[in-house]
Amino acid sequence: MAIQMVDLRGQYLRIKDEVDAGIARVLESTQFIRGAEVDAFESELSLALDGVGTLGVANGTDALQIVFMALGIGPGDEVITPSFTFVATAEAIGLLGATPVFADIDPGTFNMDPAAVGELITERTKAIVPVHLFGQCADLDPILALACDRNVAVIEDTAQAVGARYKGRAAGTMGGFGTLSFFPSKNLGCYGDGGAVLSPIEEWLDRARLISNHGSRRKYHNEVIGVNSRLDAMQAAILRAKLPHLDAFTAARQQAADRYDALLADVEYISTPHRADYGTHVFHQYTIRVHGNDPGKRDALMQHLKDNGIPSYVYYPVPLHLLPIYRDNKDSCRFGDMTHTLQAANEVLSLPMHTELTAAEQEQVATAIQSFFQG
Ligand SMILES: *Cc1c(COP(=O)(O)O)cnc(C)c1O
């Protein structure tokens with residue numbers, strides 16, 4: 001079997017009975033939108049995440065949009081977020097007419113640098129959205145302190161880091177809001193689209209719940225403009241089958257990361273992921289750097305791996321502030337110094353990482369990497 005970037009099928013076959021039983025249960029109930037299955041999943045997810053309030057929604061991008069709507073973010077407001085990430089965060093900010101403000105990253109963790117955030121805060125800042133990239137938390141305490149001083153909300157984009165911890169606390173539960181994505185390839189993925197809003201503040205979660213269901217608590221008594229963004233029961237049943245395995249899935253990823261670290265320790269031209277001592281890393285991605293700030297060299301390694309039957313991927317080749325949507329429209333965003341963001345985009349390469357990865361496959365990956373540099 002060829003090495004895969006992600007192996008959803010192998011994982012499904014291991015937990016097939018539980019998943020299939022969940023799907024059958026929903027079919028029998030014919031309660032397809034929300035209902036008991038979604039309620040049960042929300043409670044179980046809450047238990048897994050230190051008791052934080054939870055709300056299932058249609059996907060992780062909607063979760064962000066709903067949270068911004070709940071905070072009343074709109075035209076004239078600014079939201080600080082990293083440029084080195086997936087586009088969803090900035091997209092939801094722009095959709096509501098607010099302006100994304102991009103902060104540079106810490107070169108070690110690839111996460112938003114609190115010092116850069118401090119330099120970008122103004123009276124127009126309404127929220128700060130750290131993204132816990134690749135499975136490791138951003139350094140949250142200094143960001144929370146800044147936000148508290150300035151009375152702005154912190155929203156943790158936890159799409160890639162469900163199960164990670166920061167100084168013992170669960171990712172997604174420390175800010176006013178957290179958001180999750182259950183996209184199939186995420187660490188807790190369903191078999192379609194799904195997402196969640198998290199909040200320790202009951203009134204805030206209530207507001208998000210109202211907005212996610214047409215702005216109505218009672219049918220035909222719509223109170224505010226909302227959206228139709230609900231987790232469906234089929235996905236909730238699949239997630240209920242997978243959630244009890246999340247710790248084991250995480251352990252499998254961490255074990256695979258440890259093996260890569262050992263196999264690649266002596267390769268002089270790359271560095272393996274930095275693990276911050278403030279928390280745990282759940283390795284949504286295992287992302288190495290190819291030294292030299294030269295995308296040509298990194299891309300050549302990627303091609304060499306491909307020639308050896310090994311997939312790899314660049315997350316993310318284009319920082320958000322350089323995407324056509326922002327680059328070609330001066331007023332669409334604001335950003336500070338981007339030195340570390342630009343270097344990361346030139347150097348990063350993510351290797352195969354999933355719960356089914358074997359030691360033999362990882363040795364093959366390491367051998368191919370070594371042969372490239374010795375070549
Ligand atoms: C996947 C992802 C999202 C969006 O989630 P969807 O469920 O695909 O909408 C948002 N932010 C980050 C960092 C992601 O990785």
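Which residue in β9 is the bridge partner of Thr54? Select Thr54 in this predicted model and look across to β9, where Leu198 is the bridge partner.

**The sheet**

β1 runs antiparallel to β9 (residues 195-199), and 5 bridges join the pair. Both belong to an open sheet of 8 strands with mixed pairing, whose order is β1-β9-β8-β5-β4-β2-β3-β12. At its edges are β1 (53-57) and β12 (334-335), each of which pairs on one side only.

**Helices on the sheet**

Select residues 88-95 next. This is helix α4, which packs on the sheet and touches β2 (78-82), β3 (99-103) and β5 (153-157). The direction of α4 makes about 150° with that of β3.

Proceed to residues 202-212, helix α7, which also packs on the sheet; its contacts there are β1, β5, β8 (177-181) and β9. Here the angle between the direction of α7 and that of β1 is about 15°. Within α7, the residues Leu205, Ala208, Leu210, Ile211 and Ser212 are buried. The cover over the buried residues of this helix includes β1, α3 (60-70), β8 and β9. After α7 comes His214, which has a positive phi, near 60°.

**The two domains**

Colour the protein chain by its two domains: domain 1 (8-102 + 109-245) and domain 2 (246-374). Their C-alpha centres are 24 Å apart. To the contact, domain 1 contributes 44 residues and domain 2 contributes 39 residues. About 3500 Å² is buried between domain 1 and domain 2, with 59% of that area given by carbon and sulfur atoms. On the domain 1 side, select Phe84, Phe134 and Asn187: these lose the most area to domain 2, together 21% of what that side buries.

**The nonpolar cores**

Now display the largest nonpolar core, which has 34 residues. Phe84, Leu264, Tyr286, Leu351 and Ile369 touch the most other members. Two or more residues each come from α9 (246-264), β11 (286-290), α10 (295-307), α12 (339-347), β13 (348-351) and α13 (359-374). The largest share, 5 residues, is that of α13. Because domain 1 and domain 2 both give residues to this core, it lies between them.

Centre the view on Leu351. Beyond its neighbours within four places in sequence, Leu351 is in contact with Met5, Tyr260, Leu264, Tyr286, Ile288, Leu305, Val365 and Ile369.

For the last stop, select Leu55, Val129, Ala208 and Ile211, which are among the 25 residues of another core, apart from the largest one.

Methods: Residues are numbered from 1 along each chain as its sequence is written. This is a predicted model: local features need pLDDT of at least 70, side-chain atom pairs count only at pLDDT 80 or more; totals for chains, interfaces and linings use all residues. Side-chain values use heavy atoms; hydrogens and water are left out. Two strands pair if DSSP finds at least two bridges between them. Helices (H or I, at least four residues) and strands (E, at least two) are DSSP runs, numbered from the N terminus. Contact means heavy atoms within 4.5 Å. Axes are lines fitted to C-alpha atoms, for helices over the stretch in contact, and angles run from 0 to 180 degrees between N-to-C directions. Buried means under 20% relative accessible area, exposed over 50%, partly exposed in between (1.4 Å probe, protein chains only). A nonpolar core is a set of buried Ala, Val, Leu, Ile, Met, Phe, Trp, Tyr and Cys residues joined through side-chain atoms within 4.5 Å. Domain bounds come from an automatic or database domain assignment. Buried area is the accessible area (1.4 Å probe) that two parts lose on being put together, summed over both.
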